[in-house]
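Take a look at the model shown here and keep it open while you read. We'll go through it piece by piece, in plain words.

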Amino acid sequence: MQTIIKNSLENSYSYSEYRNQVTSLLRQGKVTGLEQSEALANYTALNEARMNRLEKTIALTEQVKIALSTLKTKYIWLVISEGWCGDAAQLLPIMHKMAEFSENIEMRVALRDENEELMNLFLTNGGKAIPKLVVIDAETNTVLGDWGPRPLGAKNLIIDYKATHGVVDETAKTELQKWYLQDKGVSTQTEILLLIEQQESQLV
């Protein structure tokens with residue numbers, strides 16, 4: 001695992017580099033990842049607008065600010081993502097804002113299809129669901145935990161919808177986006193903070 005983590009970090013982007021890469025490809029009519037299609041390009045364009053908005057509107061809770069300001073360990077947050085992923089567009093701006101607030105967190109983004117060995121270490125029910133946040137000890141490159149691809153409320157929404165309708169269709173995706181809009185990033189912040197606090201208590 002250590003070698004895979006090391007290679008993936010070397011093959012990763014800063015958040016701003018990731019944003020620039022997605023934008024640059026989109027201007028060429030392309031998307032990140034192995035698959036290229038008009039549908040994925042449309043999703044990516046929508047996600048670009050979403051992320052631009054969220055970067056301006058997402059606010060950290062006071063509880064999260066206090067916790068982030070008192071971290072005693074240095075972390076790398078390695079996030080597995082792709083530009084066309086709707087959940088990633090909702091969640092990466094939150095992760096970025098949290099990492100930006102703390103001098104003890106460095107956030108890196110690894111593209112899923114370019115880092116297959118990394119993705120295979122963090123499958124969800126056997127699938128390559130993204131985004132996936134991998135929390136790493138910055139001094140040792142040891143993986144301490146992971147989170148994703150969705151906060152619990154969003155995860156349950158999709159599970160319940162699929163149980164009722166047998167499929168995740170465009171209506172389900174619309175309901176999911178509404179959930180994210182109403183939640184304002186609070187659930188994601190809270191769940192990631194819980195993971196970090198658990199690591200702090202074990203490491204310090």
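## A walk through the model

Start with helix α3 (residues 38-57) and helix α5 (residues 86-101), whose axes come within 9 Å and cross at roughly 25 degrees. Keep in mind that this is a predicted model. Angles under 35 degrees count as roughly parallel, so α3 and α5 are roughly parallel to each other. The crossing of α3 over α5 is right-handed. On the α3 side, the contact is made by Asn-47, Arg-50, Met-51, Leu-54 and Glu-55, while α5 brings Gly-86, Ala-89, Gln-90, Leu-92, Pro-93 and Lys-97. Sorted by class, that contact has five nonpolar, three polar and three charged residues.

Now for the inside. In soluble globular proteins, nonpolar side chains tend to be buried together. Here, the largest nonpolar core has 60 residues, and those with the most contacts inside it are Trp-77, Leu-92, Met-95 and Met-107. Which helix gives the most to this core? That's α5, with eight residues.

Met-107 sits in strand β2 (residues 105-111). Is Met-107 buried or exposed? Its relative accessible area is 8%, and buried means under 20%, so Met-107 is buried. With residues up to four places away in sequence again left out, Met-107 touches Tyr-13, Ser-14, Tyr-15, Trp-77, Val-79, Leu-92, Met-95, His-96 and Ala-99. Follow the chain from Met-107 to Glu-117, ten residues apart, and you'll find their C-alpha atoms separated by 19 Å.

Next, hop over to another helix pair. Helix α7 (residues 152-165) and helix α8 (residues 170-183) pack at an angle of about 155 degrees, with their axes 10 Å apart. Angles over 145 degrees count as roughly antiparallel, so that's how α7 and α8 run relative to each other. The crossing of α7 over α8 is right-handed. From α7, the residues in contact are Gly-153, Ala-154, Leu-157, Ile-158 and Tyr-161; from α8, they are Thr-171, Ala-172, Glu-175, Leu-176, Trp-179 and Tyr-180. By class, this contact has eight nonpolar, two polar and one charged residues.

Further along is helix α9 (residues 186-203), where you'll find Thr-188. Thr-188 is buried, with a relative accessible area of 1%. Setting aside residues up to four places away in sequence, Thr-188 touches Leu-91, Ile-94, Trp-147, Pro-151 and Asp-183.

Finally, check out the loops. The one between α6 (116-121) and β3 (132-137) holds Pro-131, which is joined to Ile-130 by a cis peptide bond with omega at about 5 degrees. Asn-125 is found in the loop between α6 and β3 too. Its phi is near 50 degrees, a positive value in a residue other than glycine. At 81% relative accessibility, Asn-125 counts as exposed.

Another cis peptide bond joins Gly-148 and Pro-149, with omega about 10 degrees. Pro-149 lies in the loop between β4 (143-147) and α7. Last stop: Asn-141, in the loop between β3 and β4, has a positive phi near 60 degrees.

Key. Residues numbered from 1 in each chain as written. Predicted model: local features only at pLDDT ≥ 70, side-chain atom pairs only at ≥ 80, totals over all residues. Heavy atoms only, no water. Axes fitted to C-alpha atoms, helices over the stretch in contact; angles between N-to-C directions. Helix = DSSP H or I, 4+ residues; strand = E, 2+ residues; numbered from the N terminus. Parallel < 35°, antiparallel > 145°, perpendicular 65-115°, else oblique. Left-handed = near helix turned anticlockwise from the far one by under 90°. Contact = heavy atoms within 4.5 Å. Nonpolar A, V, L, I, M, F, W, Y, C, P; charged D, E, K, R; others polar. Core = buried A, V, L, I, M, F, W, Y, C linked by side-chain atoms within 4.5 Å. Buried < 20%, exposed > 50% of the residue type's maximum accessible area, 1.4 Å probe, protein only.
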